[in-house]
Amino acid sequence: MQRMSKKEHKKLNIPTVAKSGFFWFALLLLIVCSVLYLPTVTSVSSSVDGRELPIYCVKTPKKQAALSFDAAWGNEDTQTLLDILAKYNVHATFFMTGGWVDSYPEDVKKILAAGHDLGNHSQNHKNMSQLSDEECKQELMSVHSKVKELTGYEMFLFRPPYGDYDNHVIMNAKDCGYYPIQWDVDSLDWKDYGADSIIQTVTQHEHLGNGSIILMHNGAKYTKDALETVITTLQGAGYELVPVSQLIYREQYHMDHEGRQIPDSK
């Protein structure tokens with residue numbers, strides 16, 4: 001076999017060197033672009049020390065708080081609550097079970113038409129932490145499909161029944177496209193202590209502050225009697241009452257150990 005001369009060997013490798021140089025230039029360009037544009041990529045984290053947390057409240061400089069109502073059983077007072085909210089131009093969030101949606105479809109439509117959030121409270125109000133991954137997703141998506149078919153609305157807020165959750169509940173909710181929502185101010189209206197107790201519990205709560213999420217129930221005995229004073233007291237203290245969907249961050253956030261949603265630094 002005839003051996004190549006050094007000159008011929010150099011000529012043969014010119015294209016290879018050129019290709020190799022182009023490859024490394026392209027790779028370098030890709031890295032630079034990735035670094036430059038990486039901060040614009042959506043970044044969310046609900047994990048704190050290995051625990052997945054729902055949103056209990058939100059860190060915000062705005063003096064805002066959110067009223068939320070769990071709807072799982074009764075319906076006698078829903079229209080009264082809607083009338084009071086409308087009187088003070090307040091929009092809230094209603095977390096509904098599938099059974100409640102089945103029983104009161106026209107009220108679901110009324111809530112949405114009045115400008116309130118429709119939230120998911122599971123199909124059967126079970127302890128979600130005791131269910132399998134598949135059962136968790138069925139509990140969520142069954143209600144989701146019903147509400148979508150009924151109203152055209154795509155729900156994205158989920159409150160676990162009884163406030164019961166663990167890592168797999170939170171991750172399954174997120175897999176289904178939901179933001180898990182808890183609360184940091186419990187009105188304790190479900191204890192039926194009376195309207196004055198509800199008013200005092202909410203308006204003087206130690207955790208009440210910017211970004212608070214307040215838990216109430218549409219079917220509790222005295223909620224309708226307390227709601228107007230709760231609203232006027234909070235508004236008198238300078239709070240703007242907004243639905244949960246307007247309070248939370250949808251992207252670029254992380255959580256602290258108390259379940260407070262914190263926007264990432266820009």
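Student: Why is Ser-122 called buried?

Tutor: This is a predicted model, and the word rests on a computed value. Ser-122 has 0% relative accessibility, and buried means under 20%, so Ser-122 counts as buried.

Student: Where does Ser-122 sit, and what makes its phi stand out?

Tutor: Ser-122 is in the loop between strand S6 (117-120) and H5. Its phi is positive, about 80 degrees, although Ser-122 is not a glycine. Most residues other than glycine have a negative phi. Tyr-162 also has a positive phi, of about 65 degrees, and is not a glycine.

Student: Is Tyr-162 buried or exposed, and how do you know?

Tutor: Exposed means over 50% relative accessible area. Tyr-162 has 53%, so it is exposed. Its place is in the loop between S7 and helix H6 (167-175).

Student: Pro-161 is in the loop between S7 and H6 too. What makes Pro-161 buried?

Tutor: Its relative accessible area is 0%, and the cut-off for buried is under 20%, so Pro-161 is buried. Leaving out residues up to four places away in sequence, Pro-161 touches His-121, Ser-122, His-125, Lys-126 and Met-128. There is Ser-122 again, as one of the residues that Pro-161 touches.

Student: Are Cys-136 and Cys-176 buried or exposed?

Tutor: Cys-136 has a relative accessible area of 1%, so it is buried. Cys-176 has 18% relative accessibility. That value is under the 20% cut-off, so Cys-176 counts as buried as well.

Student: Why is the pair of Phe-69 and Phe-94 called stacked?

Tutor: Two values settle it. The ring centres are 5.0 Å apart, and rings pair if their centres lie within 6.5 Å. The planes are at 20 degrees, and under 30 degrees counts as stacked, so this pair is stacked. It links distant parts of the chain, with Phe-69 in strand S4 (residues 64-71) and Phe-94 in strand S5 (residues 93-96), 25 residues apart. Both residues are buried.

Student: What makes Phe-156 and Tyr-179 an edge-to-face pair?

Tutor: Their ring centres are 6.3 Å apart, which is within the 6.5 Å limit. Phe-156 is in the loop between helix H5 (133-151) and strand S7 (157-158), while Tyr-179 is in strand S8 (residues 179-180). Both Phe-156 and Tyr-179 are buried.

Student: What does Ser-245 touch, and why is Ser-245 called buried?

Tutor: Ser-245 has 15% relative accessibility, so it counts as buried. It lies in helix H9 (residues 244-247). Beyond four places in sequence, its contacts are Thr-93, Asp-117, Phe-156, Leu-157 and Arg-250.

Student: Why are helices H2 and H8 called roughly parallel?

Tutor: H2 (residues 78-87) and H8 (residues 223-236) pack at an angle of about 10 degrees, with their axes 10 Å apart. Angles under 35 degrees count as roughly parallel, so H2 is roughly parallel to H8. In this contact, Thr-80, Leu-81, Ile-84, Leu-85 and Lys-87 of H2 meet Thr-223, Lys-224, Leu-227, Glu-228 and Ile-231 of H8. These residues divide into five nonpolar, two polar and three charged.

Note on methods:
Residues numbered from 1 in each chain as written. Predicted model: local features only at pLDDT ≥ 70, side-chain atom pairs only at ≥ 80, totals over all residues. Heavy atoms only, no water. Axes fitted to C-alpha atoms, helices over the stretch in contact; angles between N-to-C directions. Helix = DSSP H or I, 4+ residues; strand = E, 2+ residues; numbered from the N terminus. Parallel < 35°, antiparallel > 145°, perpendicular 65-115°, else oblique. Contact = heavy atoms within 4.5 Å. Nonpolar A, V, L, I, M, F, W, Y, C, P; charged D, E, K, R; others polar. Buried < 20%, exposed > 50% of the residue type's maximum accessible area, 1.4 Å probe, protein only. Phe/Tyr/Trp six-rings, centres within 6.5 Å; stacked < 30°, edge-to-face > 60°.
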